[in-house]
Amino acid sequence: MNNANSNNNNHNIIIRKETKEDYYATELCTLRAFWNIHGPGCNEHLMIHKLRDSKDYLPEISRVAELDGQIVGVIMYHKARIVDGDKETGIITFGPLAVEPTCFNMGIGGKLLKETLALAKEAGYPGIALCGEPDYYPRYGFIRGKGSGIEHNLYGTPDPFMIYPLNDGFEKLRGKFYEAEIFEECDDEEEIAEYTKNFPYYKPLKLSCQWLHAEKLGRISEVQKNSFTIRFWEKEIPAKLKGSFYAANAEALPLVGDYVTFTYNPYGDSTILSVCERTSLLQRPDQAKTGVMQYMAANADYAFIVTSLNEDYSYNRIARYVSVALQGNVTPVVILTKADLSEDPGHYVEEVKSISERVQVHAISALKSTGMEELKEYFIPGTTICLMGSSGAGKSTLINALSGQELMKTGEIRSSDSTGKHTTTYRRLFELENGVTIIDTPGMREIGIANSAEGVNETFSDIEDLACQCRFSNCRHDTEPGCAIRAAIKDGRLSQERYDLYLSLTTENEKNYAKKKEISKWIKAEKKAGKRIR
């Protein structure tokens with residue numbers, strides 16, 4: 001959907017009746033307006049679709065808003081009733097009232113309300129009752145239903161239940177409020193999912209921060225020092241942190257890939273209010289400050305560990321990446337690029353597979369389109385892929401080839417050591433047209449590990465299993481009798497090199513984690529003393 005220009009003058013907004021040619025655009029606008037606001041996805045677009053065929057629909061009052069030929073708002077009215085014993089009185093209500101989410105603070109909702117409220121009054125209806133946002137509707141004359149003698153038939157009189165008198169006699173009404181029965185037919189999840197396929201793909205999210213009102217939900221697409229960028233639909237919005245964040249630990253600060261709630265400021269930086277719960281977190285020790293964790297990306301489903309089959313290839317480095325991915329609850333996928341430069345790429349595939357039974361491996365050549373079809377299984381709408389690997393490994397070439405677009409710049413390779421220039425200097429997130437999200441990270445020649453015991457154990461689960469088979473529970477796997485690990489090395493089931501790598505990563509993790517705890521302890525003490533930590 002093309003964005004409406006938020007700088008347009010409000011006089012360009014046209015309020016008019018909906019035509020059949022508007023149906024799809026109206027429903028798409030409604031879907032976008034309510035998507036992930038009250039829970040995963042929404043059903044309001046299906047409500048509109050069904051309401052049009054209902055005997056209770058009031059098209060003579062309902063209206064859409066148009067801006068530069070695009071539907072950017074809609075309000076749909078229908079008949080309702082107040083029931084008091086055997087007495088039934090007809091009133092009206094509306095819903096959904098939807099505004100295209102990228103049209104911030106343009107007064108579209110207010111224009112729709114003012115025009116249609118006047119139409120409803122002129123038509124002679126006694127009044128309106130509805131459940132809506134209690135901080136929004138009172139500015140247009142709606143009052144709380146509590147104490148009015150009217151209550152919702154299911155919910156009573158909570159704050160969202162409001163009324164609006166249109167003509168004389170409404171204030172005398174008493175009883176329970178009932179909407180049109182058609183809205184009870186819009187809760188079937190399978191029907192909603194099937195109907196939603198008619199529209200562009202948007203990822204449904206289930207987050208604890210939802211029931212949103214004035215605040216909005218977006219995703220961090222870029223972080224540079226204290227500057228943040230939020231991706232909100234197709235917009236990139238500059239943002240800063242709410243003050244309370246500065247007392248938080250580094251892990252609690254927004255990362256690329258995080259979903260955040262924020263208040264929108266059309267004239268400057270918006271304000272990030274909270275970071276929603278994460279499904280995954282990629283982290284590693286900062287190489288300049290060993291033991292201090294560097295938080296790389298959040299909410300990735302796959303880590304594409306990209307290594308070229310030239311002098312960049314390193315079994316040990318790949319094992320480190322795999323451990324970091326597994327520790328972060330991310331599925332590791334090793335992409336061996338430039339397979340056309342190797343005489344035996346299958347050998348490397350089998351070698352990398354030996355790192356962990358949970359690692360997936362593919363040898364490809366983006367330039368010659370070899371093996372690219374295998375990667376399409378990961379490019380499912382709603383999936384987030386984090387690119388990791390050395391500079392010059394072919395990450396940019398890979399994504400450009402898979403997307404069919406020149407999304408990322410590619411750098412030259414130095415012939416002296418087969419390494420490349422840093423074409424990515426900071427982490428950033430961008431979305432492909434098919435609903436797949438890519439998080440690109442700067443190239444790393446080395447990657448340390450800390451706070452990754454679980455990741456190391458999962459990477460070397462075969463060694464962990466062998467250790468459980470030793471005769472003695474405190475076996476040091478050296479000269480003790482009945483050592484299952486030494487026996488496996490002796491008969492060839494386990495290589496000495498793999499065991500040495502396991503010992504090296506375990507020692508490194510313990511050493512760096514101890515330093516991390518010591519540094520954290522020092523930072524807390526400094527903060528307690530009122531000192532500013534740089």
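Colleague: Which residues of α1 are buried?

Modeller: Buried means under 20% relative accessible area. In this predicted model, the buried residues of α1 are Thr-26, Glu-27, Leu-28, Cys-29, Thr-30, Leu-31, Arg-32, Ala-33 and Phe-34. That's 9 of the 12 residues, so α1 is largely enclosed by the rest of the structure.

Colleague: How far does α1 reach from its first C-alpha to its last?

Modeller: Here you compare the span with what 1.5 Å a residue would give. Helix α1 covers residues 23-34 and reaches 17 Å, close to the 16 Å expected. Look just past its end, too: Asn-36 has a positive phi of about 60°.

Colleague: Now the helix pair. At what angle do the axes of α2 and α4 cross?

Modeller: An angle of 65 to 115 degrees counts as roughly perpendicular. The axes of α2 (residues 44-51) and α4 (residues 189-196) come within 10 Å and cross at roughly 90°, which means α2 is roughly perpendicular to α4.

Colleague: Which residues make that contact?

Modeller: From α2 you get His-45, Leu-46, His-49 and Lys-50, and from α4 Glu-191, Ile-192, Tyr-195 and Thr-196. Sorted by class, the contact has 3 nonpolar, 3 polar and 2 charged residues. As for the spacing, an α-helix has 3.6 residues a turn, so residues three or four places apart point the same way.

Colleague: How do I read a strand? Are the faces of β15 covered or open?

Modeller: Take the two sides one by one. On one side of β15 sit Leu-281, Gln-283 and Pro-285, on the other Leu-282 and Arg-284, and all are buried. So both faces are covered, with 5 of 5 residues in β15 (residues 281-285) buried.

Colleague: Which residue is the bridge partner of Leu-282 in β16?

Modeller: Ala-297 is the partner. Strands β15 and β16 (residues 293-298) pair in the antiparallel sense over 5 bridges.

Colleague: What separates the C-alpha atoms of Ala-303 and Ile-439?

Modeller: They're 136 residues apart along the chain, yet their C-alpha atoms are separated by 9.4 Å.

Methods
Residues numbered from 1 in each chain as written. Predicted model: local features only at pLDDT ≥ 70, side-chain atom pairs only at ≥ 80, totals over all residues. Heavy atoms only, no water. Axes fitted to C-alpha atoms, helices over the stretch in contact; angles between N-to-C directions. Helix = DSSP H or I, 4+ residues; strand = E, 2+ residues; numbered from the N terminus. Parallel < 35°, antiparallel > 145°, perpendicular 65-115°, else oblique. Contact = heavy atoms within 4.5 Å. Nonpolar A, V, L, I, M, F, W, Y, C, P; charged D, E, K, R; others polar. Buried < 20%, exposed > 50% of the residue type's maximum accessible area, 1.4 Å probe, protein only. Pairing = 2+ DSSP bridges. Expected span 1.5 Å × (residues − 1).
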